[in-house]
Amino acid sequence: MLIVIDQLVKRFPMGQGEFTALRGINLTIGQGEFTGLIGPSGSGKTTLLNIVGSLDVPSGGEVTVLGNSIGRLSARKAAQLRKEKLGFIFQSYNLLAVHTVYENVEFPLLLLKIPAGERRKMVLDALDWVGLTDKVKSKPPQLSGGECQRVAIARAMVKRPSLVLADEPTANLDAANSHNVLQTMVSLNRELGTTFLFATHDDKVISYLRRKIFLLDGRVDKDEALELRTE
Ligand SMILES: Nc1ncnc2c1ncn2[C@@H]1O[C@H](COP(=O)(O)OP(=O)(O)OP(=O)(O)O)[C@@H](O)[C@H]1O
Ligand SMILES: [Mg+2]
């Protein structure tokens with residue numbers, strides 16, 4: 001299993017006390033799944049994605065991602081896991097404002113020390129997937145919200161990671177762009193076996209999911225697989 005979540009609890013300090021955002025989550029997610037966390041605002045979707053992505057740690061229970069126990073990883077090992085295996089699409093895009101679209105998408109490949117020629121092809125492929133080849137020289141402040149979102153998607157997918165974590169990846173896209181981006185993700189999932197885990201309330205995204213995990217108040221309320229999974 002790519003992701004094993006066992007009795008996961010997450011508490012945040014709040015005022016004098018604490019707030020429990022995740023209250024005992026148990027889930028396994030296999031290689032090649034195309035799965036979404038669905039639930040109302042505040043149900044814990046982003047909190048769960050952040051822990052799976054090793055950006056935060058459990059308060060209780062255990063989360064294992066590609067054999068790494070998230071709560072026990074050193075900062076260096078967590079950074080290595082993110083750099084080599086994970087792609088993130090954040091709810092806020094986290095683009096580098098002073099760098100061009102091309103440079104933003106190239107960044108993960110520089111960290112991986114991919115040679116220049118190969119890098120260029122990978123960056124241009126990723127920008128083609130999201131329909132932004134005409135904006136390579138623009139900087140994020142010169143782009144629309146939806147274009148920024150597509151740059152963030154290209155940046156997450158450019159290195160062809162094992163696992164893409166996508167937090168509301170279509171929140172600012174029109175219908176046509178949403179479908180294009182989702183079809184690109186489905187192709188990567190089919191062709192490369194890339195696993196996708198979404199957090200979303202968007203019906204367009206939901207219509208592409210093969211498994212829907214409904215969260216409510218920090219718990220799994222329902223878990224529906226639409227087809228038999230092979231693993
Ligand atoms: N750093 C934090 N400190 C305190 N409380 C937090 C923190 N992060 C999240 N929470 C709380 O945990 C709960 C779950 O938040 P989370 O961001 O996971 O929700 P979500 O399901 O992603 O919602 P949305 O659909 O609005 O993005 C919320 O009540 C939120 O206020
Ligand atoms: Mg969220």
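Which backbone N or O atom lies 3.0 Å from an oxygen atom of ligand 1? One from Gly44. That pair is a polar contact, meaning two N or O atoms within 3.5 Å.

Some ground rules. This is a predicted model, where local features need pLDDT of at least 70 and side-chain atom pairs count only at pLDDT 80 or more, while totals for chains, interfaces and linings use all residues. Residues are numbered from 1 along each chain as its sequence is written, chains are lettered from A and ligands numbered from 1 in the order written, and side-chain values use heavy atoms, leaving out hydrogens and water.

Back to ligand 1. Thr47 has a polar side-chain atom 2.6 Å from a ligand oxygen. Gln91 places a polar side-chain atom 2.9 Å from an oxygen of ligand 1. Taken alone, ligand 1 exposes 640 Å², and the protein buries 64% of that (Shrake-Rupley areas, 1.4 Å probe).

Now the shell. There are 13 residues around ligand 1, each with a heavy atom within 4 Å of it. Ser41, Gly42, Lys45, Thr46 and Thr47 come nearest. By class, four are nonpolar, eight polar and one charged; Gly counts as polar here, and Asp, Glu, Lys and Arg as charged. β2 (17–29) and α1 (45–52) each supply at least two shell residues. The largest share, three residues, comes from α1. Helices and strands are DSSP runs, of at least four residues (H or I) and at least two (E).

On to helix packing. Helix α3 (residues 101–111) and helix α5 (residues 145–157) pack at about 30°, axes 7 Å apart. Axes are fitted to C-alpha atoms over the stretch in contact, and angles run from 0 to 180 degrees between N-to-C directions. So α3 is roughly parallel to α5 (under 35 degrees; over 145 is roughly antiparallel, 65 to 115 roughly perpendicular, the rest oblique).

Next, α3 and helix α4 (residues 116–129). Their axes come within 9 Å and cross at roughly 125°. That makes α3 oblique to α4.

Notes:
Polar contact = N/O pair within 3.5 Å; in protein donor to acceptor, adjacent residues only side chain to side chain.
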